[in-house]
Amino acid sequence: MERFEDQNWLDEALTEAIGSEGKKPDFEKWKAEHPEAVEMLTSRADGRPSAPTRPLNIGRIIMKSPITKLAAAAVIIIGALVSINLLDKSIPKAYALVHTIEANHTVRYLHIKDFSSEHKDEPKEIWVECGELGQIENARMHMPEWDSPDDGAKAIVWNQNKVQVYFKKKNLLFIAADKTVADRMLMLVQECDPRLAVKRLYEQKTAGKVKIEIDEPSDKTKPIVVTATYLPESSSPHRRVVLFVDQATKLVTATEFYQLKDDEYQYTGVQEYYDYNQTIDAKMFTLDAEVPADVMRIDQTIQDVGLAQGNLSDEEVAVEVARQFFEALIAADYAKAGKLLEGIPADRMQQELGHIKYLRIISIGPAGPHPNPKTGGLVVPCTVEIEKDGQISEWKLNRLGVRQVFNQPGRWTIFGGI
Amino acid sequence: MTLKSEECCDELLVEAAQNGHLESFGALYERYHSPMVALAYSVLGDRDLAEDAAQETFAIACQKLGTLRHSDKFAAWLASICRNVARSILRSKGQSAAVDFQECVENQNDEENRRDAIREAVWKLRPADRELIVMRYYDGFSQAQISSVLDISPQAVNGRLFRAKRKIAKYLRRSGFTGEDYGTV
């Protein structure tokens with residue numbers, strides 16, 4: 001592998017290509033060209049210039065004292081003797097992944113930015129607070145719009161089994177206390193957690209599934225570069241990750257990801273890790289205080305959502321939920337319709353759907369598998385006769401999705417496709 | 001003023017300037033003029049426009065200095081003004097990207113082509129990395145200067161510089177440029 005640090009030519013090339021022409025700043029000229037700004041600044045003076053006072057050069061003053069000089073000499077001699085005794089013990093050991101695993105035990109707080117190669121300027125951002133044993137206790141995620149164009153940008157906070165999701169574009173706050181949802185969110189966080197990434201690499205290396213190359217520059221200001229190439233027998237044979245490890249702390253500062261394509265490892269993205277162990281304000285881990293007052297709040301932890309399944313099969317209850325939903329709209333019962341649609345409040349339902357008059361259900365069902373299996377739901381095709389702006393027409397819904405309510409087993413709700 | 005401005009820390013100069021002491025503001029101008037030109041250049045890709053942006057940045061800073069609460073964050077505050085000024089210049093020019101390198105490749109010698117390829121590689125970086133590279137190579141600013149202007153830790157400066165340079169080197173290799181073009185590898 002080519003040692004990047006040997007490429008000193010690049011410094012020369014960059015200086016030549018973008019180096020300045022050495023123009024010196026000319027404050028007198030600037031003053032002459034900006035009299036108003038100067039006037040505004042000088043008008044703040046209270047009549048006497050408040051020139052900064054020179055800070056005392058404490059070091060120089062102390063070292064002038066003969067007693068201090070003597071003491072300093074003694075310290076140097078003792079220091080030299082001690083360092084001779086410790087010399088063989090202080091030779092640094094070569095870096096190994098296990099050093100980072102050890103360093104990771106000290107991590108309590110972490111801020112991650114996850115950049116994809118297509119969206120270089122809009123990273124996903126994650127803040128993590130860990131417990132004393134290193135387990136994630138609180139997390140916050142900012143998901144940009146490109147990650148899910150339909151939903152728009154989202155702020156998500158995770159705390160044990162509870163999740164709050166704020167959909168900015170829809171001005172909607174969704175709260176659930178279901179383990180499945182919480183686990184899914186936790187998985188998103190764990191995918192970006194450098195501590196787990198290093199641990200997994202170490203395990204894969206031990207199992208002979210990853211080839212690790214370590215480039216430890218002699219210049220201690222430069223990061224250690226760990227290149228992990230997944231071997232054909234591994235679960236991700238075309239993958240390469242490059243870790244950048246701070247030499248002082250042994251913590252990972254960034255991870256670059258590559259995928260083998262056309263016989264070349266092509267860059268796909270980077271995760272950067274900031275603010276290790278800088279305490280994160282507890283306010284970051286709740287959305288209550290920062291969402292707008294007029295946010296639509298769907299709190300599935302405090303209300304029954306959807307319809308109880310009873311003795312119906314999954315397909316039957318899905319159709320029944322859809323039927324009751326449209327019957328509620330025909331009766332202009334927005335409270336019931338909202339309860340069957342994720343628990344949306346009645347006033348919001350009326351605001352969104354009240355401008356349409358629902359006349360009758362033309363056809364409904366049968367239920368079938370949802371085209372996106374990740375939703376865990378069923379699709380119920382429906383056709384409804386509606387009147388809008390005086391015109392009567394048929395409203396066909398081909399992807400009306402119905403699934404179990406997250407934290408309410410045995411209850412089913414419409415979750416999309418309207 | 002008896003004090004040599006270059007010895008004085010930002011906080012003291014800022015506080016004095018906030019009290020109307022023009023020479024202190026002058027010292028800050030001398031200290032941060034070049035970094036601001038570099039920062040603006042990373043947005044605009046044009047040295048003359050970058051110079052204009054820096055001048056305007058100090059005009060705004062001079063007028064708004066009283067609103068700066070944390071005097072130790074002067075450099076980062078100045079940089080945020082500079083970015084805004086540069087972006088608005090870019091908008092007023094009707095450009096979404098700083099430089100169009102495709103336009104100027106004809107009638108150039110090898111040396112000019114090489115310099116263009118390097119600039120193109122730099123401008124392919126994401127804006128945050130481009131700022132860092134331009135700050136480093138425009139006038140050889142130190143890690144500490146870059147750290148204070150971009151408000152990131154010195155370790156982050158090192159790490160990100162290193163990675164940005166790797167990306168540039170990779171891009172240049174793909175474009176057929178290597179260290180051999182410079183007589184050193």
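Colleague: Starting with β6(A), how many of its residues are buried?

Modeller: In β6(A), 4 of the 5 residues are buried, so to speak mostly covered. A residue is buried if 20 or more other C-beta atoms lie within 10 Å of its own, exposed if 12 or fewer, and partly exposed in between, with C-beta atoms placed from the backbone. Before we go on: this is a predicted model, where local features need pLDDT of at least 70, side-chain atom pairs count only at pLDDT 80 or more, and totals for chains, interfaces and linings use all residues. Residues are numbered from 1 along each chain as its sequence is written, while chains are lettered from A and ligands numbered from 1 in the order in which they are written.

Colleague: Which strands are joined to β6(A) by bridges?

Modeller: Strand β5 (residues 162-167) of chain A is joined to β6 (residues 172-176) by 5 bridges, and the two run antiparallel. A:Y166 has A:L173 in β6(A) as its bridge partner. β12(A) runs parallel to β6(A), with 4 bridges joining them; there, A:L172 is partnered by A:M296 in β12(A). Strands and helices here are DSSP runs numbered from the N terminus (E, at least two residues, for strands; H or I, at least four, for helices). Two strands pair if DSSP finds at least two bridges between them.

Colleague: What's in the turn between β5(A) and β6(A)?

Modeller: The two strands form a hairpin with 4 residues between them, and A:N171 in the turn has a positive phi of about 50°.

Colleague: And what order do the strands of the sheet come in?

Modeller: It's an open sheet of 12 strands in chain A, ordered β7-β8-β9-β10-β11-β1-β2-β3-β4-β5-β6-β12, with mixed pairing. β7 (210-215) and β12 (296-299) are the edge strands, each pairing on one side only. On average, neighbouring strands of this sheet are turned by 15° against each other, direction ignored.

Colleague: OK, helices. Where do α6(A) and α8(A) meet?

Modeller: From α6(A), the residues are A:L97, A:V98, A:T100, A:I101 and A:N104; from α8(A), they are A:R195, A:V198, A:K199, A:L201, A:Y202 and A:K205. Contact means that C-beta atoms, placed from the backbone, lie within 7 Å. By class, this helix contact has 6 nonpolar, 2 polar and 3 charged residues. For the classes, Ala, Val, Leu, Ile, Met, Phe, Trp, Tyr, Cys and Pro count as nonpolar, Asp, Glu, Lys and Arg as charged, and the others, Gly among them, as polar.

Colleague: At what angle do their axes cross?

Modeller: Roughly 145°, with the axes of α6 (residues 97-104) and α8 (residues 194-206) of chain A coming within 10 Å. The axes are lines fitted to C-alpha atoms, for helices over the stretch in contact, and angles run from 0 to 180 degrees between N-to-C directions.

Colleague: Switching to chain B, how many helices and strands does it have?

Modeller: Chain B comes to 8 helices and 0 strands, whereas chain A has 11 helices and 20 strands. Of the 185 residues of chain B, 44% count as buried; for the 418 residues in chain A the figure is 28%.

Colleague: Which residues of α3(B) are buried?

Modeller: B:A50, B:A53, B:A54, B:Q55, B:E56, B:T57, B:F58, B:A61 and B:C62. Their cover includes α2 and α3 of chain A, together with α2 (22-44) and α4 (74-92) of chain B.

Conventions:
Contact = placed C-beta atoms within 7 Å.
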